Amino acid sequence: MPQDQLGGVQEITSMIITHGVGGAPLRFPLHLFYGTNSFGDGSPLNQVIARMTAGKSIYQWAGNIVALKFSGSRRQGYTDATYNDVAPLIASFLANPADRTG
């Protein structure tokens, strides 16, 4: 399913975000999908992420990105994301990959 939302990207990578701002565990983890090669395939800079992070993201996120919210800690389905989920996403975009949990 995320393949359709990612503009036909053939190879998809995903990351599960289990902790929010300040390291607090998320009751409903987030699942982030993006193109495996989007950092080096000429995909345009993701303007939403660039603006949400005020240009301070460690990586220049490129291409389309899909974020889904798990419906529970067992990660067996998805539910609607809310504005409360934006802060953990921004924190994840700002984090060093070695510091990410999940």
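Trainee: Which pattern does the protein follow, read along the sequence?

Mentor: Read along the sequence, this predicted model goes α-β-β-α-β-β-α, with 3 helices and 4 strands. Helices (H or I, at least four residues) and strands (E, at least two) are DSSP runs, numbered from the N terminus. Residues are numbered from 1 along each chain as its sequence is written. Since the model is predicted, local features need pLDDT of at least 70 and side-chain atom pairs count only at pLDDT 80 or more, while totals for chains, interfaces and linings use all residues; side-chain values use heavy atoms, with hydrogens and water left out.

Trainee: How do I read the sheet, and what is the order of its strands?

Mentor: Start with pairing: two strands pair if DSSP finds at least two bridges between them. Here you have an open sheet of 4 strands in the order E1-E2-E3-E4, with antiparallel pairing. E1 and E4 (78–79) are the edge strands, each pairing on one side only.

Trainee: How many bridges join E2 to E3?

Mentor: There are 5 bridges between E2 and E3. Two residues of E3 to look up are Leu68, the bridge partner of His31, and Ile65, the bridge partner of Tyr34. E3 and E4 pair over 2 bridges, also antiparallel, and there Lys69 has Thr79 in E4 as its bridge partner.

Trainee: Next, the inside. Which residues make up the largest nonpolar core?

Mentor: The general idea is that in soluble globular proteins, nonpolar side chains tend to be buried together. A nonpolar core is a set of buried Ala, Val, Leu, Ile, Met, Phe, Trp, Tyr and Cys residues joined through side-chain atoms within 4.5 Å. Buried means under 20% relative accessible area, exposed over 50%, and partly exposed in between (1.4 Å probe, protein chains only). In this protein the largest nonpolar core has 9 residues: Met15, Ile17, Leu30, Leu32, Tyr34, Ile49, Trp61, Leu89 and Phe93. Strand E1 (12–19), strand E2 (25–35) and helix H3 (86–94) each give two or more residues to this core, and E2 gives the most, with 3. Over the whole protein, buried residues make up 34% of the 102 residues.

Trainee: What do the buried residues of H3 pack against?

Mentor: First find them: Pro88, Leu89, Ile90, Ser92 and Phe93 are buried in H3. They pack against E1, E2, H2 and strand E3 (65–70). Take Ser92 in helix H3: its relative accessibility is 7%, so Ser92 counts as buried. Ser92 and Ile16 are 76 residues apart in sequence, and their C-alpha atoms are 10.0 Å apart in space.

Trainee: How many salt bridges does the structure hold?

Mentor: A salt bridge is a side-chain nitrogen of Lys or Arg within 4 Å of a carboxyl oxygen of Asp or Glu. The structure holds 1 salt bridge. Lys69 forms it with Asp85, and the closest N and O atoms are 3.3 Å apart. Lys69 lies in strand E3 and Asp85 in the loop between E4 and H3, so the pair ties together parts that are 16 residues apart in sequence. Both Lys69 and Asp85 are buried.

Trainee: What about the backbone? Which phi does Ala54 have, positive or negative?

Mentor: Most residues other than glycine have a negative phi, and most peptide bonds are trans. Ala54 has a positive phi of about 55° although it is not a glycine. You'll find Ala54 in the loop between H2 and E3, and at 58% relative accessibility Ala54 counts as exposed. Arg75 also isn't a glycine, yet its phi is positive, about 60°. Arg75 sits in the loop between E3 and E4 and is partly exposed, with a relative accessible area of 38%.

Notes:
Contact means heavy atoms within 4.5 Å.
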